[in-house]
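Have the coordinates open while you read.

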Amino acid sequence: MKQAKGLTLSDQNFINSTCRSIFKFEKHGVNDSELRQQIYMLGLYNYRQFHKVGTPKDIRNPRILEETLV
Amino acid sequence: MNTSKPVRVKGWIADSYVLEPFPSVIQGMEEKFVLKIHPEGGTYIFDLIEERVTQKKLEAFENRFEDPLLREMEYTNRYQDRLFDGAKIVFETLRKPSLTGNLKRVQHDEELIGKFVEAVGHIQILKGGNAFLSVHLIDEAARSYEDLDPFK
């Protein structure tokens, strides 16, 4: 049965590959701000893929339920 | 959609064989320059590239008799595209790409790892019907999402 939510094997492979790259960047001296951006993007991907909604139009807005909350 | 437009990818260099090319595993084959980028903007760029590659393949197949290199082109999935490696976008070329700005002074590929750049290249279709991205320019770049830092 197809899962309504959750990470697929392909999502997990993507996350593993991202984690490896980020650690490599850390070893090669990327600054903290860059590291935080990379980890934000990783979290965003993880959260949105789990809920099967893909990348948001505006990556600054991770919400699933509303585009913006004013 | 203009498929001859260059492909531009901004991100961090995750693997680099642009100063010391990747040795060929097949005797007699040329060495190739390889660059792998961890894109800054998430997965949308992967979808965008795939969409442009599909369009370019269709165009190449329709016009295959005009290009002697593609006359025998097949439109099958027999050969895999060489666009991505996990979460990285792969560029490869037989001609050494140009590096700009401070990147010109770099002596070894190892020093390029973690540098934030914009790679500029094109979608290339092989006669087996598969695609890869070439790269001709590696520019120093500024991040587009610096404001994503929550502690800034």
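**Notes on the two-chain model**

Strand 6 of chain B and strand 7 of chain B (residues 131-140) pair in the antiparallel sense, with 9 bridges between them.

1. Before going further, keep in mind that this is a predicted model. The predictor puts the complex at an ipTM of 0.87 and a pTM of 0.88. For chain B, pLDDT averages 87, and 91% of the residues score at least 70.

2. Back to that strand pair: strand 6 and strand 7 of chain B make a hairpin with 5 residues between them. In the turn sits Gly129(B), with a positive phi of about 90°. If you want one bridge to click on, His122(B) has Ser134(B) in strand 7 of chain B as its partner.

3. Strand 6 of chain B (residues 116-125) also pairs with strand 1 of chain B (residues 7-22). These two run antiparallel and are joined by 6 bridges. Here Trp12(B) has Phe116(B), in strand 6 of chain B, as its bridge partner.

4. Which residues have the most contacts inside the largest nonpolar core? They are Ile13(B), Leu35(B), Ile37(B) and Ala119(B), in a core of 27 residues. Strand 1 of chain B gives the largest share, 6 residues. Both chains take part: helix 1 of chain A (9-27) supplies at least two residues, and so does each of several chain B elements, including strand 2 (32-39), helix 1 (44-62) and strand 4 (88-93). As background, nonpolar side chains tend to be buried together in soluble globular proteins.

5. Ala119(B) is worth a look by itself. Leaving aside residues up to four places away in sequence, Ala119(B) touches Val9(B), Leu35(B), Ile37(B), Phe91(B), Val135(B) and Ile138(B). Of these, Leu35(B) and Ile37(B) are also on the list of residues with the most contacts inside the core.

6. Chain A is another story. Its secondary structure comes to 2 helices and 0 strands. Chain A is more spread out than a compact globule, because its radius of gyration is 14 Å, well over the 11 Å that the globule rule gives for 70 residues. Its C-alpha trace spans about 40 × 40 × 10 Å along the principal axes, and buried residues make up 17% of the 70 residues.

7. Finally, the interface. How many residues does each chain bring to the contact? Chain A brings 20 residues and chain B brings 20 residues. On the side of chain B that touches chain A, the residues split into 9 nonpolar, 6 polar and 5 charged.

Conventions: Residues are numbered from 1 along each chain as its sequence is written. Chains are lettered from A and ligands numbered from 1 in the order in which they are written. This is a predicted model: local features need pLDDT of at least 70, side-chain atom pairs count only at pLDDT 80 or more; totals for chains, interfaces and linings use all residues. Two residues are in contact if their C-beta atoms, placed from the backbone, lie within 7 Å. Ala, Val, Leu, Ile, Met, Phe, Trp, Tyr, Cys and Pro count as nonpolar, Asp, Glu, Lys and Arg as charged, and the others, Gly among them, as polar. Two strands pair if DSSP finds at least two bridges between them. Helices (H or I, at least four residues) and strands (E, at least two) are DSSP runs, numbered from the N terminus. The radius of gyration is taken over C-alpha atoms; the globule rule is 2.2 Å times the number of residues to the power 0.38. A residue is buried if 20 or more other C-beta atoms lie within 10 Å of its own, exposed if 12 or fewer, and partly exposed in between; C-beta atoms are placed from the backbone. A nonpolar core is a set of buried Ala, Val, Leu, Ile, Met, Phe, Trp, Tyr and Cys residues joined through C-beta atoms within 7 Å. pLDDT is the predictor's confidence in each residue, from 0 to 100.
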